[in-house]
Amino acid sequence: MAAGAALAFVASARAQSAQPLVVVWKSPACGCCKDWVHHLESSGFRVKTVEVQSTAAARARMQIPERLGSCHTAAVGGYALEGHVPAREVRRLLAERPDAVGLAVPGMPIGSPGMDGPEYGGRRDRYDVLLVAKDGSARSYRSYR
Ligand SMILES: [Cu+2]
């Protein structure tokens with residue numbers, strides 16, 4: 001390996017290990033949760049999953065209002081993630097570090113990461129990634145359509 005290539009390799013390995021760990025609470029029966037975990041991993045995140053029967057307790061602990069709930073709840077870098085949040089918005093959140101609870105994609109919109117398998121036949125519903133404020137209010141962080 002040339003010195004330049006070796007350096008680039010070390011730099012990219014460092015960038016990878018600099019990605020913080022994502023802890024995901026999900027039910028063992030949830031298939032789309034597993035697909036979302038794969039989406040994060042293939043985007044360079046390290047992920048630890050915790051199997052729970054209900055994610056309601058994790059949601060409450062992470063201060064995600066029940067009305068914004070989805071099928072899994074996660075924690076990364078001091079923020080909460082609820083549902084099928086795209087990895088690029090997680091990276092943006094960690095780069096911008098807003099004063100907020102975290103991000104949520106309520107429900108399970110088809111076409112969001114982990115809800116985009118062959119069984120959906122390429123269907124893509126429009127959805128918003130919401131930035132959840134500490135008072136429980138939410139505003140659009142990015143719209144996908
Ligand atoms: Cu799901």
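Colleague: Cys 71, buried or exposed?

Modeller: Cys 71 is buried, at 15% relative accessible area. Buried is under 20%, exposed over 50%, and partly exposed in between, with a 1.4 Å probe and protein chains only. This is a predicted model, where local features need pLDDT of at least 70 and side-chain atom pairs 80 or more, while totals for chains, interfaces and linings use all residues. Residues are numbered from 1 along each chain as its sequence is written, and side-chain values use heavy atoms, with hydrogens and water left out.

Colleague: And Cys 32, buried or exposed?

Modeller: Cys 32 is buried, with a relative accessible area of 13%.

Colleague: What coordinates the copper ion?

Modeller: Cys 32 and Cys 71 through SG, His 84 through NE2 and Met 108 through SD, at 2.1 to 2.5 Å. Donors here are N, O and S atoms within 2.8 Å of the metal, or 3.2 Å for Na, K and Ca. Along the sequence, the spacing of the donor residues reads C-x38-C-x12-H-x23-M.

Colleague: Switching topic. How many helices and strands?

Modeller: The chain has 4 helices and 7 strands, and along the sequence they follow the pattern α-β-α-β-α-β-β-α-β-β-β.

Colleague: What is the strand order in the sheet?

Modeller: The sheet is open, has 7 strands with mixed pairing, and its order is β2-β1-β3-β4-β5-β6-β7. The edge strands are β2 (46–51) and β7, each pairing on one side only. Strands pair if DSSP finds at least two bridges between them.

Colleague: In which sense do β6 and β7 pair?

Modeller: Antiparallel, over 6 bridges, with β6 covering residues 127–132 and β7 residues 138–144. Val 129 has Arg 142 in β7 as its bridge partner, and Leu 130 has Ser 140.

Colleague: What is in the turn of that hairpin?

Modeller: There are 5 residues between β6 and β7, and Gly 136 in the turn has a positive phi of about 90°.

Colleague: Last one, what share of the chain counts as buried?

Modeller: Of its 145 residues, 46%.

Conventions:
Helix = DSSP H or I, 4+ residues; strand = E, 2+ residues; numbered from the N terminus.
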